[in-house]
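Dear colleague,

Please find the structure below, handed over for your own work. My notes on what was found follow directly after it.

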Amino acid sequence: MENCKTIFDAAEDVLEILGSQRIEAVVIGAVALAAYRYVRQTQDLDLGVNANIAQLRSLADLLKAKGYSVELCEPDGDDPLGGVIDVRGPFGLVQIVSFADRFPAVIDEAVRVSTLSVRAGSRLKLVPLPHLIALKLYAGGHKAKSDIVELLARNPDLDVESVRKLCRSYRLKGLDKLVTEAGR
Amino acid sequence: MKKPGEKTKRTLPSGRRSACADASLRGEIDRVSRMTVEERITEALTMGSRFVALKPTSAKD
């Protein structure tokens, strides 16, 4: 529990540093899956952002100056992600995952329409469920597809048609098969 | 044609959804639905430490 509080605190600190560079973020990954009723073990908290390489380098320097252990992984031209910064400490791992120049629209829109936060009073916004599904569909692979099936099965109140519409707007394919598999 | 006294071969019921596994999943979904967002996230982040005793050990130990 203590570690958990600490990772929230670290992520909120990272969010403040992102904000100082005018970079907005939403919580994605396994923490977002847990928020939407698919609870599985995770030791890291992922923040989805749109930051180009120059911004990521600058962020990495700022985080190092704040005392964090930081590793910047820069993408090659074919990478579906725009870069990842691993921020480590006694709290665990906070990952900053950039979708800049790849799939920025989903992060921009998620930031804009997000209404949930990770805990009361926190500025750590959670990616909305339809956008989380879109991100998983973009990621592809068996694990991401399995995550989508679980999310659909565990959120019976979710308006599947709105998810279809969102994924179509992003030209993402493959949702219908997963909807059928989830028994929706 | 089955001969008198011949046992019926039972095949494994694979490729079919399990009703009891579905019922178990529904129970888990109900449990998680009653939790707050913060409680769910906390459970995911602390799961590793709660089940640390289940880490595999060598058979020689």
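I begin with the overall form of chain A. For its 184 residues, a compact globule would have a radius of gyration near 16 Å, and chain A agrees with this at 16 Å. Along the principal axes, its C-alpha atoms fill a box of roughly 50 × 40 × 25 Å. Please bear in mind that this is a predicted model, with scores of ipTM 0.89 and pTM 0.88.

Chain A contains 8 helices and 5 strands. Read from the N terminus, the order of these elements is α-β-α-β-α-β-β-β-α-α-α-α-α. Of the 184 residues in chain A, 41% are buried.

Domains of chain A

The chain is divided into domain 1, covering 1-102 + 116-126, and domain 2, covering 128-184. The C-alpha centres of these two domains of chain A lie 23 Å apart. Their contact takes 6 residues from domain 1 and 8 residues from domain 2. On the domain 1 side of that contact there are 5 nonpolar residues, no polar residues and 1 charged residue.

The nonpolar core

How many residues does the largest nonpolar core have? It has 60, and the residues with the most contacts inside it are A:A11, A:V27, A:V31 and A:A32. Helix α1 of chain A gives the most to this core, with 7 residues. The core also draws at least three residues from each of domain 1 and domain 2 of chain A. For A:A11, setting aside neighbours within four places in sequence, the contacts are A:L45, A:L47, A:V94 and A:L124.

A residue in helix α5

A:A139 is located in helix α5 of chain A, which comprises residues 129-139. Is A:A139 buried, exposed or partly exposed? There are 16 other C-beta atoms within 10 Å of A:A139. A:A139 and A:L81 are 58 residues apart in sequence, while their C-alpha atoms are 9.2 Å apart in space.

Chain B

Chain B has 2 helices and 0 strands. Its radius of gyration is 22 Å, well over the 10 Å that the globule rule gives for 61 residues, so chain B is more spread out than a compact globule. The C-alpha trace of chain B spans about 65 × 40 × 15 Å along its principal axes. Of the 61 residues in chain B, 8% count as buried. The average pLDDT of chain B is 82, and 90% of its residues score at least 70.

The interface between the chains

In the contact between the two chains, 17 residues of chain A meet 14 residues of chain B. The elements of chain A that give two or more residues to this side are α1 (2-20) and α2 (29-35). Helix α2 of chain A gives the most, with 4 residues. By class, the side of chain A that touches chain B has 10 nonpolar, 3 polar and 4 charged residues.

With kind regards

Notes: Residues are numbered from 1 along each chain as its sequence is written. Chains are lettered from A and ligands numbered from 1 in the order in which they are written. This is a predicted model: local features need pLDDT of at least 70, side-chain atom pairs count only at pLDDT 80 or more; totals for chains, interfaces and linings use all residues. pLDDT is the predictor's confidence in each residue, from 0 to 100. A residue is buried if 20 or more other C-beta atoms lie within 10 Å of its own, exposed if 12 or fewer, and partly exposed in between; C-beta atoms are placed from the backbone. The radius of gyration is taken over C-alpha atoms; the globule rule is 2.2 Å times the number of residues to the power 0.38. Two residues are in contact if their C-beta atoms, placed from the backbone, lie within 7 Å. Ala, Val, Leu, Ile, Met, Phe, Trp, Tyr, Cys and Pro count as nonpolar, Asp, Glu, Lys and Arg as charged, and the others, Gly among them, as polar. Domain bounds come from an automatic or database domain assignment. A nonpolar core is a set of buried Ala, Val, Leu, Ile, Met, Phe, Trp, Tyr and Cys residues joined through C-beta atoms within 7 Å.
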